Amino acid sequence: MRSARPAKGSSGSSGSSGPPGRSRRSGPADGSGRAVTGAAWAALGIVYVVWGSTYLGIRVAVETMPPFLSAGARFVTAGLLLTGLVAWRQGPAALRLTGAQLRSTVVVGLLLILGGNGLVVLAETAVPSGLAALLIAAVPMWVVLLRTATGDRPPLRTLGGVLLGLVGLMVLTSPGLSGDVQLWGVLLVLAASALWSVGSFASSKLPMPADPFTASAYEMLVGGVAGLLVGLGRGEHHGLDLAAVSTRSWVALGYLIVFGSLVAFTAYAWLLQRAPLSLTATYAYVNPVVAVVLGALILDEALTWPILTGGAVVVAAVGVIVSTERRR
């Protein structure tokens, strides 16, 4: 799962990142008035491939690493690196929070990093990475349902996309019901997607830091420390032999820290500032496709009919929701 939540409201970022200037237009602008530049396509490619590959990275990491301890170490390390980056680029003052902002980042960090990401890491000890990515792709559906429950009235087309997505999820859960994969793993991923949705929704309502990098740094630190505590509470440290951890698991963890938690999020935050939102939002239904392809090619994960059919339905539903919402 991705390492940090979108900027507040998912419609823009109040922080500043990336090159100070803008290159000449290399494509048309959409309704947001932002041009599609070569740099934007490069950043979008990073988000597509790197965030889509994090599910593969998680699966490889937990082959020989305990789930919560590895996830906690990932986010504590990434949070410290991002904190240092913010202080270096913007000055220590950029890390100051009000009491309300600190409380909000704690809540959102626990929901996103510990709940949303941590449960996915645990689940991937039992379910294929591609299936996990397709189940997580339902996050926009849960966000729409949360908005509806709190008084918002999404368009009928959006609600139709949600219903279509629910059908896809029913198909995707069938491998767990049939015994082809561990049912508890499938249920954990669904719980993770729900918690990620609540955290994303809460981040748009709570008093969060204005800068998305500052907010994400604190969220990573909070969620990472919580993950380490949960791992210790589960006894994951008992019998842990670091010498027995495989080289590819170490490489996967390093990849998740540097690329999944820092490079891809930096590219995403930059896109929110410099590219059309309608283009940036397409990551929501490209990431799971990338994850499924990588899982099949690198880990030989089976592409069963329920995964292919249910996945296609979920991706189509997310596409309907995203395309409808970006017009509002």
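Colleague: Among contacts in the protein chain between residues at least 6 apart in sequence, what percentage join residues at least 24 apart?

Modeller: Taking contact to mean heavy atoms within 4.5 Å, 89% of the contacts between residues at least 6 apart in sequence join residues at least 24 apart. This is a predicted model, in which local features need pLDDT of at least 70 and side-chain atom pairs count only at pLDDT 80 or more, while totals for chains, interfaces and linings use all residues. Residues are numbered from 1 along each chain as its sequence is written, and side-chain values use heavy atoms, with hydrogens and water left out.

Colleague: How many helices and strands does the protein chain have?

Modeller: Helices (H or I, at least four residues) and strands (E, at least two) are DSSP runs, numbered from the N terminus, and on that basis the protein chain has 13 helices and 0 strands.

Colleague: How far apart are the end C-alpha atoms of helix α10, and what span should its residues give?

Modeller: The expected span is 1.5 Å times one less than the number of residues, so for the 28 residues of α10 (residues 247-274) it should be 40 Å, and the end C-alpha atoms, 38 Å apart, agree with this. The bend at a residue is the angle between axes fitted to the seven residues ending there and the seven starting there, and α10 bends by about 30° at Leu256.

Colleague: At what angle do helix α4 and helix α12 pack?

Modeller: Two packed helices are described by the angle between their axes and the distance between the axes. Axes are lines fitted to C-alpha atoms, for helices over the stretch in contact, and angles run from 0 to 180 degrees between N-to-C directions. Helix α4 (residues 129-136) and helix α12 (residues 283-299) pack at about 175°, with their axes 8 Å apart. That makes α4 roughly antiparallel to α12, a term for angles over 145 degrees.

Colleague: Which residues of α4 and α12 meet?

Modeller: Ser129, Gly130, Ala133 and Leu134 in α4 meet Pro288, Ala291, Val292, Gly295 and Leu299 in α12.

Colleague: Is Thr173 buried or exposed?

Modeller: Buried means under 20% relative accessible area, exposed over 50%, and partly exposed in between (1.4 Å probe, protein chains only). Thr173, in the loop between α6 (156-172) and α7 (174-178), is buried at 14%, and it touches Val186 and Leu190, not counting residues up to four places away in sequence. Asp300, by contrast, lies in the loop between α12 and α13 (305-325) and is exposed, with a relative accessible area of 65%; Asp300 has a positive phi of about 55° although it is not a glycine.

How values were computed:
Parallel < 35°, antiparallel > 145°, perpendicular 65-115°, else oblique.
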